[in-house]
Amino acid sequence: MVRNMQEWYQIADVAALDTPALVVYPARVAHNLALLTSHVDDPGRLRPHIKTHKSREAVQLTLAAGITKFKCATIAEAELLGSCQVPDVLLAYQPVGPKARRLLALLQQYPRTRFSCLIDDYEAACQLNELAQAAQQQVPVFIDLNVGMNRTGLAPAAALGLYQQCQALPHLTVVGLHAYDGHLRDEDLAVRTARCHQAFAPVAALAEQLRALGVAPVIVAGGTPTFPVHAARPEVECSPGTFIYWDGGYGQAFAEQPFLPAALVLSRVVSQPTATTLCLDLGHKAIAPESPLDKRVTFLNAPELRPIGHSEEHLVVEAGPGHGYRVGDVLYGLPHHICPTVALYAQAVAIENHHLAGEWPTAARDRVLTV
């Protein structure tokens, strides 16, 4: 049966909230930001990714925590940051086609923000340089390195040439190196640390080569899983993202990072198909479905419920005999993967002191804002 204890997540006026719903707890977001800044010697070394929350309100809390550098993956996210007057934004993507033109438009529209982007291809760099020349702009760029993710970037040993080629393009300013190691997710911190050091060693070697040539590259590295490792490198800017809301997957895998779950999905029991099963209004369109069925959501007030079927608008769970749940019961779900879950919602409902307290629009889930 649903527990009635006054837990941190419970909402006193939940009857006014339709489900499925995404809810966010601002006090916990602020806690996670404070915890993040406490783990580095200088908040200037933090460049958090906004892919998890995509919201103006979370950006404003991040700025209030003393963080002025940000990372993002889409032009819409970059524009959201520009509209918040963020001083420094790295688009962690190589802009090609219309994206390159849109990036130049952002530089024009938000001159108070320093926008930069990734490059791993000389032809793409030349095209960006031509667009920047036509717009009379200078574009800061980071050379994207492949340190094992095998998604984008050059092997560090092969990147020196591109770095020097881009230095010769008059409308690009090469700032440094970008190395995302999102494939390193070992639950054992010692193993993850060793693998992180191994992946980073070629990056450090390339940086040393550049310093010998009189260049001092800025290095942006890692995500949330390797944050504890890169936080100990004084020469590295760290760019975690999931930390701000946390989720079930990271909470289970990375116990050494005591961030608090700060966003949940709410669901209601809508039917009882059999004596032992329940149907909830938490389908594929309300919770990220890419993980195995048993790793999509954990209900904080009903952890024994076991998902057995999932479709677009429904989640069927096994409750067992004599369970005591009723149609209309509210369940508080901790997503296994919060980032794509947030992108399913136009807004999150803020919860303060156990009550509904306004909305946080997921503004940058749209592909286009104005540019």
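How many strands form the open sheet, and in what order do they stand? In this predicted model, seven strands form it in the order S2-S3-S4-S5-S6-S7-S8, with parallel pairing.

- The edge strands are S2 and strand S8 (236-238), each of which pairs on one side only.
- Neighbouring strands of this sheet are turned by 30° against each other on average, direction ignored.
- S2 and strand S3 (residues 88-91) run parallel and are joined by four bridges.
- Helix H5 (residues 122-134) lies across strand S4 (114-119), S5 and strand S6 (172-179), and runs at about 155° to S4.

**Lys69**
- Lys69 belongs to strand S2 (residues 69-72), and its bridge partner in S3 is Asp88.
- The side chain of Lys69 makes a polar contact with the side chain of Glu237 at 2.8 Å.
- A polar atom of the Lys69 side chain also lies 3.0 Å from the backbone oxygen of Gly44.
- Leaving aside residues up to four places away in sequence, Lys69 touches Gly44, Leu46, Arg47, Pro48, Asp88 and Glu237.

**The largest pocket**
- The largest pocket has a volume of about 1,100 Å³.
- It is lined by 49 residues, of which His49, Lys51, Ala73, Arg151 and Tyr180 are the closest to its centre.
- Strand S5 (139-145), helix H9 (248-253) and helix H10 (338-342) are the elements that give two or more residues to the lining of this pocket.
- H9 gives the most to the lining, with four residues.
- By class, the lining of the largest pocket has 17 nonpolar, 17 polar and 15 charged residues.

Conventions
Residues are numbered from 1 along each chain as its sequence is written. This is a predicted model: local features need pLDDT of at least 70, side-chain atom pairs count only at pLDDT 80 or more; totals for chains, interfaces and linings use all residues. Side-chain values use heavy atoms; hydrogens and water are left out. A polar contact is a pair of N or O atoms within 3.5 Å; within protein, one must be able to donate a hydrogen and the other to accept it, and residues adjacent in sequence count only if both atoms are side-chain atoms. Contact means heavy atoms within 4.5 Å. On a 1 Å grid over the protein atoms alone, a cavity is a set of points where a 1.4 Å probe fits but cannot get out, and a pocket is an open set with protein on both sides within 12 Å along at least five of seven lines; lining residues have an atom within 4 Å of a point. Grid points are joined across faces, edges and corners, and a volume is the space filled by probe spheres set on the points. Ala, Val, Leu, Ile, Met, Phe, Trp, Tyr, Cys and Pro count as nonpolar, Asp, Glu, Lys and Arg as charged, and the others, Gly among them, as polar. Two strands pair if DSSP finds at least two bridges between them. Axes are lines fitted to C-alpha atoms, for helices over the stretch in contact, and angles run from 0 to 180 degrees between N-to-C directions.
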